[in-house]
Amino acid sequence: MYAEERQQEILRLARADGRVDVMALAESLNVTAETVRRDLTVLERAGMLHRVHGGAIPVDRIGFEPALATRDTVLIGEKERIAKAALAELPDEGAIILDAGSTTAHLARLLPADRELTVVVNSPVLAATLGPKPNLTVLLLGGRLRGKTLATVDDWALRPLAEMYADVAFMGTNGCSIERGLTTPDTAEAAVKRAMIAAARRVVLLADHTKIGNDYLARFGEVSDLDLLITDNGIDAVLADEIGSTGVRVVKA
């Protein structure tokens with residue numbers, strides 16, 4: 001069993017049982033306890049598990065949400081490939097929405113400077129990245145700034161979105177599943193994401209494979225709200241087929 005396969009099995013067991021134990025995993029997977037601990041560290045850095053004494057707990061069971069700075073340090077190659085694939089979905093001109101997040105931040109850095117685009121963002125980080133690019137008009141939504149994700153939320157962000165209609169919304173998510181749809185830990189951030197989806201003609205989800213099959217507290221959309229999912233080659237084939245069966249196009253970058 002490869003390391004990634006073993007880590008996916010650990011994650012599956014953690015979600016099914018509510019927690020996993022290092023020694024029990026070592027015995028069932030026929031590896032050393034030290035190997036299991038390394039796997040748990042990888043999964044924790046990816047924001048999937050939270051380490052506790054002797055084992056780990058899935059983050060969706062405890063409402064844990066990794067900070068943006070932490071998420072910026074994991075799966076960098078996958079997020080870069082996803083962002084590059086998303087460039088094909090840009091209009092030649094018009095307006096787009098960029099949701100706050102680590103993967104959308106990669107897209108912001110790659111946006112071409114030779115198109116007349118209006119870019120709506122709910123993140124000062126994205127605004128600072130996009131501001132110096134010529135030919136881009138950047139609209140920063142106001143509101144309360146969430147320290148964990150550096151996204152603006154609440155009424156000052158929601159009201160302008162109610163009066164917008166963009167060509168494409170490039171969305172991020174914490175979780176995406178057929179059963180629960182698109183989910184995130186924070187209800188205020190979910191409300192802004194929901195408004196972004198409503199304000200766009202097309203919706204493109206940028207989500208690495210660790211997000212697929214995962215669920216969090218607050219739902220902001222259904223899988224059927226998506227036109228396209230851009231993910232990476234690590235996505236489980238069964239989950240990819242399930243999402244594709246709903247009519248959503250799935251691209252593996």
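Analyst: A salt bridge here is a side-chain nitrogen of Lys or Arg within 4 Å of a carboxyl oxygen of Asp or Glu. The model is predicted.

User: Which residues are linked with Glu-89 in a network of salt bridges?

Analyst: Glu-89 forms a salt bridge with Arg-249, and their closest N and O atoms are 3.5 Å apart. Glu-89 lies in the loop between α6 (76–86) and β4 (93–98) and Arg-249 in strand β15, so the pair ties together parts that are 160 residues apart in sequence. The network links Glu-89 with Arg-202 and Arg-249.

User: Does Glu-89 count as buried or exposed?

Analyst: Buried means under 20% relative accessible area. Glu-89 has 15% relative accessibility, so Glu-89 counts as buried.

User: How many residues apart in sequence are the parts that Asp-167 and Arg-201 tie together?

Analyst: The side chains of Asp-167 and Arg-201 meet in a salt bridge, at 2.9 Å from N to O. Asp-167 lies in strand β9 and Arg-201 in strand β12, so the parts tied together are apart in sequence by 34 residues.

User: In which helix do Glu-34 and Arg-37 both lie?

Analyst: Glu-34 and Arg-37 form a salt bridge, with the closest N and O atoms 3.9 Å apart. The two are three residues apart, about one turn of the helix, and both lie in helix α3.

User: Which residue's backbone nitrogen does the side chain of Asn-122 reach?

Analyst: Asn-122 sits in the loop between β5 (116–121) and α8 (124–130). Asn-122 is buried, with a relative accessible area of 1%. At 3.0 Å, its side chain reaches the backbone nitrogen of Ala-100.

Note on methods: Residues are numbered from 1 along each chain as its sequence is written. This is a predicted model: local features need pLDDT of at least 70, side-chain atom pairs count only at pLDDT 80 or more; totals for chains, interfaces and linings use all residues. Side-chain values use heavy atoms; hydrogens and water are left out. Helices (H or I, at least four residues) and strands (E, at least two) are DSSP runs, numbered from the N terminus. Buried means under 20% relative accessible area, exposed over 50%, partly exposed in between (1.4 Å probe, protein chains only). A polar contact is a pair of N or O atoms within 3.5 Å; within protein, one must be able to donate a hydrogen and the other to accept it, and residues adjacent in sequence count only if both atoms are side-chain atoms.
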